[in-house]
Amino acid sequence: MLKGMRIQLIFFSFLFLIEGLQESKASEKPNIVFVMMDDFGFGQFAPHNHNLEVEDFDPFLLEHVREHNDYNPQNALRMSKRAIPTLSRMTRQGVMFTNAFTSSNLSAPSRMGIATGIHQNRWGIYRNIDCEAHGLKPGSHLAEQLKKTGYATAHIGKWHIGSRNHRIVADTLSKHNLPDTLSYWQVRQKYPELAENLKNNGYMGSVVAEHHPLNNGFDYYFGYNMWESPFYNATNVWENFKPAGRLKKYNTDLFTDKAMNFIRKSIKDDKPFYVQLHYHAVHAPLEPKAPDKYYNHFHSDSHVLNNFYAHVYAVDQSIHRIEQYLKEQGIAENTLIVFTSDNGGAVGGRSCLPGNAPYVGHKGMYFQGGIRVPLIFYWPEGIHQRKVNHQLVSAMDILPTAIDAAGGKIPEGIDGKSLLPYLTGKSREPVRDHLVWSGIHARAWAFMSHMSFLPHLEAREKAPSAWAVVKKNYILRYIASVPPELWKDYPEGRDPVFELYNYNNDPQETENLIDEEKTIVKDLQNVWHNRASSYPPPVKWNREKWEAIIPPNNMYKKQK
């Protein structure tokens, strides 16, 4: 009898030990890797184009490709499916949000919204130039909340949410006994050799101390505060507070190397890690050929097509490389991997079909092609029910979700929401009622640019302002007046227009419901008026453009 009691005691002790280990494991903070591509299109993400046919592509983009490119649209669709095996698997095993938007159609404002969880319009940020002039407010980057909970934090890749350090130019001019009031662009005109020296020593990717990652929640920084960084021979990348010099290595591989080095150090230090890995891919310039190990994965007759999806495949394989290392270390199961793009694809040239299909438009526009993005969460230990979620969500929700998963405190008053209850299956309540956007509606950034009379820089300065509201599968868009001699299809200009579409039933926006659905129009107009009534004027953008879209009851308009 005593022997039987001993066996029972050992058995129950073993059960308690197992339960204790499980509770301990469940209480461990997840590691977090947040991967973001640059200008990656909704339709270029294979899980979104599973049921697409060529007739679902933007017809204007399709026509443009047939006239200016050398590849077959069907081949492009096949290539897109071949390019992301790792991400496709993670999508199947995680949660994919199909109704995900970013907070802007442009990079810097979108990244500001993601970083802070606060809609950037609330700070007077509507364009890249506003963001570059304004930068981060102290304490606003949500990575600080993760650092407070004990995370080792790193930002690697594109930053672009701070002011460039113009002091570098002034100091260089002083050393050469030249007036230190000249801007970099003036230096380029007057002293091209000096400008080249500034460029080669990192000035273009610099960031002032106030807006620097190391002063905004990050322990390590390897990146660039600029809109792009060449795949090879970049000189605008900084490591912590010093320029990294000329980087000959393919930057997708290099950024991944740096991320893995940081992860290794964090594991050695026994700390959970949060890594922002924000690749240059697939922002222009896309001309440089991807390394053969990626390029040779594709076999079409088109170099442009092969090369574009090789750059995409390089990102996918980098994620695979990170995951394999985490598996070797026994921590892959409790690592949350998030993937998205900063805005819609800049498609039509070397950025290939399917573009942003089934939606129309591209980066810089408030058509859905400019603001719809892929968004997936992959977390083997935390996500037990793999699913596709159709809730209305925003890229602003990414960091609040990460903070929630880490057991941190989400700041009050932000626009981002935690999606953790939807990842774990604990909630089916609506995430939010609506989303809003405002800024410029420009054709300058992709294939629609050929419909402009003006070159890129002039076209975007004269582009009309616009706002948009999404609610219950409807998008209401207001585009202010188009000036004469800007767009070829409206050579004499165009009056302001309202457009309403049911984007579920009509993703290509062929049937404007503005006259048929007056109740919905009024409801969405009220949403805009309520939200925009407190939006401040732009930090740097043309105030008249802003006033053309802001409601009359705006508090700042009244003060003028």
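**View 1. Glu509 and Arg477 meet in a salt bridge, with 2.5 Å from N to O.** A salt bridge here is a side-chain nitrogen of Lys or Arg within 4 Å of a carboxyl oxygen of Asp or Glu. This pair links distant parts of the chain: Glu509 sits in the loop between strand 16 (497-502) and helix 18 (518-532), while Arg477 is in strand 15, 32 residues apart. Helices (H or I, at least four residues) and strands (E, at least two) are DSSP runs, numbered from the N terminus. Glu509 counts as buried at 11% relative accessibility, and Arg477 counts as buried at 0%. Buried means under 20% relative accessible area, exposed over 50%, and partly exposed in between (1.4 Å probe, protein chains only). Elsewhere, salt bridges with shared partners join Asp38, Arg111, Lys158 and Asp342 into one network.

A word on the model: it is predicted, so local features need pLDDT of at least 70 and side-chain atom pairs count only at pLDDT 80 or more, while totals for chains, interfaces and linings use all residues. Residues are numbered from 1 along each chain as its sequence is written, and side-chain values use heavy atoms, with hydrogens and water left out.

**View 2. Strand 14 (residues 465-471) has neighbours on either side in the pairing: strand 13 (residues 435-440) and strand 15 (residues 474-479).** Two strands pair if DSSP finds at least two bridges between them. Strand 13 runs antiparallel to strand 14 over 6 bridges, and Ile440 has Ser465 as its bridge partner. Strand 15 is also antiparallel to strand 14, again over 6 bridges. Look for Ala468, which stands opposite Arg477 in strand 15; that's the Arg477 whose side chain meets Glu509 in a salt bridge. Strands 14 and 15 make a hairpin with 2 residues between them, and Lys472 in the turn has a positive phi of about 50°.

**View 3. Both faces of strand 14 are covered.** In a regular strand, side chains alternate between the two faces of the sheet. On one side you'll find Ser465, Trp467, Val469 and Lys471, and on the other Ala466, Ala468 and Val470, all of them buried. That makes 7 of the 7 residues buried, so strand 14 is largely enclosed by the rest of the structure.

**View 4. Helix 4 (residues 85-93) crosses helix 13 at roughly 60°.** Their axes come within 7 Å; the axes are lines fitted to C-alpha atoms over the stretch in contact, and angles run from 0 to 180 degrees between N-to-C directions. Pro85, Thr86, Leu87, Arg89 and Met90 in helix 4 touch Tyr313, Asp316, Gln317, Ile319, His320 and Glu323 in helix 13. Contact means heavy atoms within 4.5 Å. The residues of this contact split into 5 nonpolar, 3 polar and 3 charged (Ala, Val, Leu, Ile, Met, Phe, Trp, Tyr, Cys and Pro are nonpolar, Asp, Glu, Lys and Arg charged, and the others, Gly among them, polar). The buried residues of helix 4 are Thr86, Leu87, Ser88, Arg89, Met90 and Thr91. Their cover includes strand 2 (95-97), helix 13 (303-328), strand 9 (335-341) and strand 10 (375-378).

**View 5. Lys258 forms a salt bridge with Glu239, the closest N and O atoms being 3.5 Å apart.** Lys258 lies in helix 11 (residues 251-268) and Glu239 in strand 6 (residues 238-239), so the pair ties together parts 19 residues apart in sequence. Lys258 is buried at 19% relative accessible area, whereas Glu239 counts as partly exposed at 29%.
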